[in-house]
Amino acid sequence: MPTFPGGMPGLMQVVRDNIRYPASALKDEVSGRVVVQFTVDTLGNATNVRVSQGVRADLDAEATRLAGLFNGWTPAWQAGRKVPVLYTVPITFSIKDAPVSTALVADSLDVTPAVNKVIAPIMPGWAAGKDALPADKGVVYGVFIQRLGFSSGGIGQYVRLYHLGTGRVMNILVKPVMKSRKDNEFCVALPPGRYALQAYQYNGAVDNIRKSRRAGAVAATRYTFTVEAGQLQYVGTWHFEQAGPPRFTDDKAVTDEHLRDKFDKLPFGAARTTLPK
């Protein structure tokens, strides 16, 4: 097998000496372990680097760059000749070890990546046929008060969520198609993790949720909440009826009463309250 000067501790020293923790991951407070695979060629260099188990795009890219610095191996030998060998190394990113300040870092929520998925609302049939919450997702519910009231007609409205751990972006339907009510309940199942509210999409417009009341300005405030797998969580009444920063109020008792008929299997009494903040 190929050998690296200093063995695995030597490889990790290369990581510590050269790591550039992605500023976007620091701002999102994302840590994790990226597993990279590469070929140690007959010259002792790391080639064909790829990620076999990633965290999210920025950490994966940095791990790939670091693995490309793993040169200087004593190559492997087989039957009296040098041969290339596939090698696997985990690279851990830890916030507490990162020395970079994020005070002036551009916010990842200002980027508008493609929406990976539209999360459909849980239908009454789901609740009626299930005694347990999904083990791999959390169910969140609340009320959304839309911007345009009855004038919105039959067009659906969405809130874009940004998963801070994976960088994935998804829309949740907060005002159903063909519903003209100003306030509507929503109930969706989401993968676990910490989310930030990124944008509000209504009648062809997309508003940055952190937009301040000053024209063209964006507030520094983030609105985040954490979803836990296997849990039912109340996320409040989301007030988007006015332009500018949203408000979030706790109206759990009233919301629970309205939703019990639709979702008779959901344990509303045991639901945790997790308002975005």
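This note goes through a predicted model of one protein chain, from overall figures to single residues.

1. **Basis.** The model is predicted, so local features need pLDDT of at least 70 and side-chain atom pairs count only at pLDDT 80 or more, while totals for chains, interfaces and linings use all residues. Residues are numbered from 1 along each chain as its sequence is written, and side-chain values use heavy atoms, with hydrogens and water left out.

2. **Overall content.** The protein chain holds five helices and 16 strands. Both are DSSP runs numbered from the N terminus: helices are H or I with at least four residues, strands are E with at least two. Of the 277 residues, 44% are buried. Here buried means under 20% relative accessible area, exposed over 50%, and partly exposed in between (1.4 Å probe, protein chains only).

3. **Surface and contacts.** Among contacts (heavy atoms within 4.5 Å) with a separation of 6 or more, 74% link residues 24 or more positions apart.

4. **The 2-1-5 sheet.** Three strands form an open sheet in the order 2-1-5, with antiparallel pairing. Strand 2 (46-53) and strand 5 (85-93) are the edges, each pairing on one side only. Neighbouring strands are turned by 30° against each other on average, direction ignored. Two strands pair if DSSP finds at least two bridges between them. Axes are lines fitted to C-alpha atoms, for helices over the stretch in contact; angles run from 0 to 180 degrees between N-to-C directions.

5. **Strands 1 and 2.** Five bridges join strand 1 (residues 32-40) to strand 2, and the two run antiparallel. Valine 35 stands opposite glutamine 53. Valine 36 has valine 51 as its bridge partner. The strands form a hairpin with five residues between them, in which glycine 44 takes a positive phi near 85°.

6. **Helix 3 on the sheet.** Helix 3 (residues 57-67) lies across strand 1, strand 2 and strand 5. Its angle to strand 1 is about 35°.

7. **Strands 8 and 9.** This is another antiparallel pair: six bridges join strand 8 (residues 157-163) to strand 9. Glutamine 157 faces lysine 175 in strand 9. The hairpin has five residues between its strands, and glycine 167 in the turn has a positive phi of about 80°. Strand 9 (residues 169-175) is mostly covered, with seven of its seven residues buried.

8. The buried residues of helix 5 (residues 252-259) are Lys252, Thr255, Asp256 and Leu259. They sit on the same side of the helix because they cover an arc of only 100° around the axis. The arc is taken from the directions from the helix axis to the C-beta atoms. In general, an α-helix has 3.6 residues a turn, so residues three or four places apart point the same way. Ala253, Val254 and Glu257 are exposed on the other side of helix 5. The buried residues pack against strand 7 (138-145), strand 10 (183-190), strand 14 and strand 16 (272-273).

9. **Leucine 259.** This residue of helix 5 counts as buried because its relative accessible area is 1%. Beyond neighbours within four places in sequence, leucine 259 is in contact with Tyr141, Glu185 and Phe268. Leucine 259 and glycine 142 are 117 residues apart in sequence, with their C-alpha atoms 9.4 Å apart.

10. **Histidine 239.** Histidine 239 belongs to strand 14 (residues 232-239). At 12% relative accessibility, histidine 239 is buried. Its side chain makes a polar contact with the side chain of glutamate 241 at 3.2 Å. A polar contact is a pair of N or O atoms within 3.5 Å; within protein, one must be able to donate a hydrogen and the other to accept it, and residues adjacent in sequence count only if both atoms are side-chain atoms. Leaving aside neighbours within four places in sequence, histidine 239 touches Ile145, Pro246, Arg247 and Thr249.

11. **Alanine 135.** Alanine 135 is in the loop between helix 4 (124-129) and strand 7. Its relative accessibility is 71%, so alanine 135 counts as exposed. Apart from neighbours within four places in sequence, alanine 135 is in contact with Ala229 and Gly230. The C-alpha atoms of alanine 135 and glycine 230 are separated by 4.6 Å, although the residues are 95 apart along the chain.
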